[in-house]
Amino acid sequence: GYWAAMGAALYAARARPILVGALSLALQGSVFALVPPGKPLVEMGTLSLATAGTLAVLPVVARALRRAASTPFWLAFALPVQLLSMCGLLLCWYNAFQDDYYLRECVHEASRVVCPSPRYSVQDVIYDYLYRERCMMARMTEP
């Protein structure tokens with residue numbers, strides 16, 4: 001049962017690392033799009049599968065990088081997929097332990113005044129680090 005499934009997953013990661021990485025990204029996307037906040041078992045299960053897929057592909061990519069002279073063509077696609085997958089996993093696992101609302105709800109809804117621990121979407125992270133941080137630092141000297 002369980003060990004057979006794990007063996008099949010490891011074989012799939014060795015045989016088709018880009019497919020397993022893309023499946024991991026799809027599972028992460030489903031956490032954002034399909035799993036409503038407040039369903040921790042579904043969220044944790046989906047994130048566990050996505051994490052297992054990403055971790056199963058890492059040794060395959062590392063082994064291919066060590067053989068630099070005979071680097072396969074698929075590695076050019078596997079590295080960006082792995083990088084996106086790892087960044088997405090960090091954000092998803094962070095969100096799993098936050099409250100059941102997103103940062104955009106704090107900004108757009110007047111009813112929510114206090115937002116102690118919101119979840120972040122990809123757009124929130126990009127806005128927070130590319131625009132908001134620079135804006136706050138520019139206004140730091142203003143009274």
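**Figure 1. The lining of the second largest pocket.** In this predicted model, L25, Q28, F32, L84, C87, G88, L91, V122 and V125 line the second largest pocket. A pocket here is an open set of points on a 1 Å grid over the protein atoms alone, where a 1.4 Å probe fits and protein lies on both sides within 12 Å along at least five of seven lines; lining residues have an atom within 4 Å of a point. The pocket's volume is about 190 Å³, where volume means the space filled by probe spheres set on the points, which are joined across faces, edges and corners. Seven of the lining residues are nonpolar, two are polar and none is charged. Nonpolar covers Ala, Val, Leu, Ile, Met, Phe, Trp, Tyr, Cys and Pro; charged covers Asp, Glu, Lys and Arg; the others, Gly among them, are polar.

**Figure 2. The helices around the pocket.** Helix 2 (17–33), helix 4 (75–96) and helix 6 (122–138) each bring at least two residues to the lining of the second largest pocket. Helix 4 gives the most, with four residues. Helices are DSSP runs (H or I, at least four residues), and strands are runs of E (at least two), numbered from the N terminus.

**Figure 3. A look along helix 2.** What are the buried residues of helix 2? They are P17, V20, G21, S24, Q28, S30 and V31. Buried means under 20% relative accessible area, exposed over 50%, and partly exposed in between (1.4 Å probe, protein chains only). Across the chain, buried residues make up 31% of the 143 residues.

**Figure 4. The largest nonpolar core.** Eight residues form this core: A13, V20, A56, V57, V61, A64, L75 and A78. Helix 3 and helix 4 each supply at least two residues of this core, and helix 3 gives the most, with four. A nonpolar core is a set of buried Ala, Val, Leu, Ile, Met, Phe, Trp, Tyr and Cys residues joined through side-chain atoms within 4.5 Å.

Figure 5. A62 sits in helix 3 (residues 40–66) and counts as partly exposed because its relative accessibility is 33%.

**Notes for all views.** Residues are numbered from 1 along each chain as its sequence is written, and side-chain values use heavy atoms, leaving out hydrogens and water. Local features need pLDDT of at least 70, side-chain atom pairs count only at pLDDT 80 or more, and totals for chains, interfaces and linings use all residues.
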